[in-house]
Amino acid sequence: MAVRRQLQQAFKDPQPTGTIVVEWAAAPAASAWTPPSPPPPPPPSSPSSSLPPASPPQRQGPLPEECAVFHCRGCWTVLGDSLQLCGQEPPGLSILICFKVTNDVVWEDSLLVGLEGALLGCAYYLLSCRSCGLAVGFILHSSGSDLAYLRDLFCFFKDSIICYLLKNQRIIEASKVNFPPVTLTEEMHKVKEKLVDFHNRIELVIRKLEKLEQNKYVTEWPNSSTDPDDLVSEYAGVNAN
């Protein structure tokens with residue numbers, strides 16, 4: 001009975017004999033704290049970046065006043081100019097024919113075949129603008145005899161081109177501009193004349209050089225210390241050996 005009373009007394013008034021310790025995560029060792037550097041300020045936005053270009057970009061060298069710059073109708077990217085026109089517009093096709101364009105004109109290696117219109121049965125590469133992807137023309141690969149002169153040339157659709165006229169600084173659709181007819185025959189004739197003139201200049205320079213060489217030889221020969229008879233005797237001695 002005495003043991004039971006002691007147990008009941010112990011449960012009624014418990015006396016803790018230990019200490020409860022809560023372990024918190026150890027704080028990391030203190031180190032020298034350096035404030036992060038502030039991020040660089042954003043570059044100032046150009047006020048003209050959101051505005052469409054009012055004039056074509058500057059090019060190296062002046063352009064004649066009668067020149068027109070060809071822009072993409074979709075994004076105003078410069079694709080060429082009227083100085084590169086080299087062919088007569090064929091009937092049934094509203095195009096600008098150029099032998100050179102800018103690097104912003106791209107095309108794929110796959111050939112397309114015309115199923116109607118003036119390009120019926122013709123194989124061609126589709127030209128597009130690098131900036132916006134708009135189809136702006138074609139390069140004719142194979143065709144009938146009537147369009148054979150267009151092969152391997154850059155043909156712009158007038159409906160996809162906007163022209164900037166330098167003379168009066170006007171912007172107008174290419175379909176409303178009448179360009180003077182230009183043919184490859186005239187251009188080849190001009191190139192031929194330049195080549196003939198260049199050839200004549202080269203021949204004149206060669207004749208002058210030959211004359212100077214002869215005068216130099218005549219001037220140096222009397223001043224030479226070698227007697228021609230000595231040269232003949234030395235040559236005879238070499239042959240004898």
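**Aromatic pairs, a glycine and a surface patch**

Q: Is G74 buried or exposed in this predicted model?
A: G74 is exposed, as its relative accessible area is 53%.

Q: Where is G74 placed?
A: G74 belongs to the loop between β1 (68–72) and β2 (78–81).

Q: Which residues is G74 in contact with, leaving aside its neighbours within four places in sequence?
A: Those residues are C132 and L134. The C-alpha atoms of G74 and L134 are separated by 6.6 Å, although the two residues are 60 apart along the chain.

Q: Turning to the rings, how many aromatic pairs are there?
A: The count is five aromatic pairs. In one of them, F70 and F179, the ring centres are 5.8 Å apart and the planes stand at 80 degrees, so this pair is edge-to-face.

Q: What does the pair of F70 and F179 tie together?
A: F70 is in strand β1 and F179 is in the loop between β10 (170–173) and α2, so the pair joins parts that are 109 residues apart in sequence.

Q: And F70, buried or exposed?
A: F70 is buried, at 0% relative accessible area, whereas F179 is partly exposed at 21%. F70 and F179 also form one aromatic cluster with F156.

Q: What about the surface: which residues make the nonpolar patch of about 290 Å²?
A: F198, I202 and I206 make that patch.

Q: Where is I206 found?
A: I206 is in helix α2, residues 184–220. With a relative accessible area of 42%, I206 is partly exposed.

Technical notes: Residues numbered from 1 in each chain as written. Predicted model: local features only at pLDDT ≥ 70, side-chain atom pairs only at ≥ 80, totals over all residues. Heavy atoms only, no water. Helix = DSSP H or I, 4+ residues; strand = E, 2+ residues; numbered from the N terminus. Buried < 20%, exposed > 50% of the residue type's maximum accessible area, 1.4 Å probe, protein only. Contact = heavy atoms within 4.5 Å. Patch = residues over 30% accessible without salt bridge, like charges linked within 9 Å, V, L, I, M, F, W, Y side chains within 5 Å. Areas by Shrake-Rupley, 256 points an atom, 1.4 Å probe, with all protein chains shown as cover. Salt bridge = Lys/Arg side-chain N within 4 Å of Asp/Glu carboxyl O. Phe/Tyr/Trp six-rings, centres within 6.5 Å; stacked < 30°, edge-to-face > 60°.
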